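Q: Let's talk through the salt bridges here. Show me the structure before we start.

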Amino acid sequence: MSNDLEGSAATAAAPPAPGRGRTGRTRTRGALVARIARGALLAAVLILALFLLLGQLLAVLPVSWWSPFLNVLPIEIPLLVVGIARDALGSWSVVLAALALAAGVFTLRRRGRRRLPLAFSAVGGTALLLALTTTTVQVVSVHGATGQWFLFSPATPASAVGRGPDRTVTYATLGGERMKADLYLPEAGSATAVPLVVSIHGGGFISGSRGPSVYTSWLADQGYAVLDVDYRLATATEHTWNTADADVGCAMTWATAHASEYGLHMDRVATFGGSAGGNLAINVAYKANAGTLKPSCGTAGQLPQVNAVIAAYPVVDLSTSVGESAYGTESGDWYVGGDPARYPERYESVDSANQISKDAPPTLILQGSRDHLVFADHTEAFADKLTAAGVTHSYVELPFMDHAYDSVSTGIGTKATRALTLPWLQKYIEG
């Protein structure tokens, strides 16, 4: 008996076989690393699913429901980013939501009915259902507006904006600042002058600059010269409400002076812009044709008559828009100098409806129905005023799309805009 006890004690006290403890620790460490990796992957997929769900909720819920958040800048900007990113993803939202749902179902099967996997599946499933709905409606709606089917857009997640300009010119020096413009030209070989599209960037009148976009080189490839212009931006102390459109007019007088040099047909001119650029595209064209635009260089006699306007999600009613979001308020304070109650005459001069006249050129307006910066009902109301004034126009509302819906070249918003822009230019410029 004592020998047995001594043997047992000796066995218990004996050190582990060489390598056995190290192998066990290695296996434990490897299992821990694998668990952490799986957890990190699931967390990443859950974050993606939540992002997709928020994007779809921004698309389907009325803009007015988000009003309390839109007046808080640290919240409004991320919401706008989510909406723009959702539109850039397009049909890929369906693919990603399906993957998120599959990951949730897989987790449920592995772990059983637990709250986190159930929530995971619910988020992914809801995002997938909404993405399928919004994508289908967009495809059908765009087909109705353009006659073309864009079934899966963008075809790849990547997007290119196109080539750079053929020339960069200084069109004037204003307030001590050298004002630049990029000129995109069709391929050489045309023996006749080509129509000109004046492209005006957005940015709330306080940011942004000229530069390659999804339209600049594309328009040149369609046979149009494009003059992509900068204009003086507003700051907290420099309010440019009365110079921005004049600066664009100045660039247009430069085009007139250099038309023969670059082969520009100044009797065939269009303005093109989005957001703040859309406001300027409308206002510059309407004022130029009515004879009320005073360019900040050159002469009014050098301003061409504008034959057509294309404006995407334009800020046509700044008086109202500035009070509907934090970014709108900041833009109004910087651009105009304060709110409409303080400067009613300034706002009257920048609101597009006040520029409507019988000489206003044919105007194509495109607007996302879920724009959380430029509300669609204001843009539609402006279109109704064009109708009442007898101005030739077309208003196209793209369902479930947010501000800057055309941020990628192969997205359905960009394809729709291009499909509508080209025949508009052909009809009213080349007529």
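**Salt bridges**

Q: What does Asp 166 count as, by relative accessibility?
A: Asp 166 is partly exposed, at 34% relative accessibility. That label sits between buried (under 20% relative accessible area) and exposed (over 50%), using a 1.4 Å probe and protein chains only.

Q: Where do these numbers come from?
A: This is a predicted model, where local features need pLDDT of at least 70, side-chain atom pairs count only at pLDDT 80 or more, and totals for chains, interfaces and linings use all residues. Residues are numbered from 1 along each chain as its sequence is written, and side-chain values use heavy atoms, with hydrogens and water left out.

Q: OK, which residue forms a salt bridge with Asp 166?
A: Arg 163, with the closest N and O atoms 3.2 Å apart. A salt bridge here means a side-chain nitrogen of Lys or Arg within 4 Å of a carboxyl oxygen of Asp or Glu. Arg 163 is partly exposed too, at 32%.

Q: How many salt bridges does that rule give?
A: Seven.

Q: What about Lys 287, which residue does it pair with?
A: Asp 245, at 2.7 Å between the closest N and O atoms. Lys 287 is in helix H10 (residues 276–290) and Asp 245 in helix H8, so the pair ties together parts 42 residues apart in sequence. Helices are DSSP runs (H or I, at least four residues), numbered from the N terminus. Lys 287 is buried at 12%, and Asp 245 is buried at 8%.

Q: Switching topic: which residues are linked in a network of salt bridges?
A: Asp 182, Arg 210 and Asp 230.

Terms used
Helix = DSSP H or I, 4+ residues; strand = E, 2+ residues; numbered from the N terminus.
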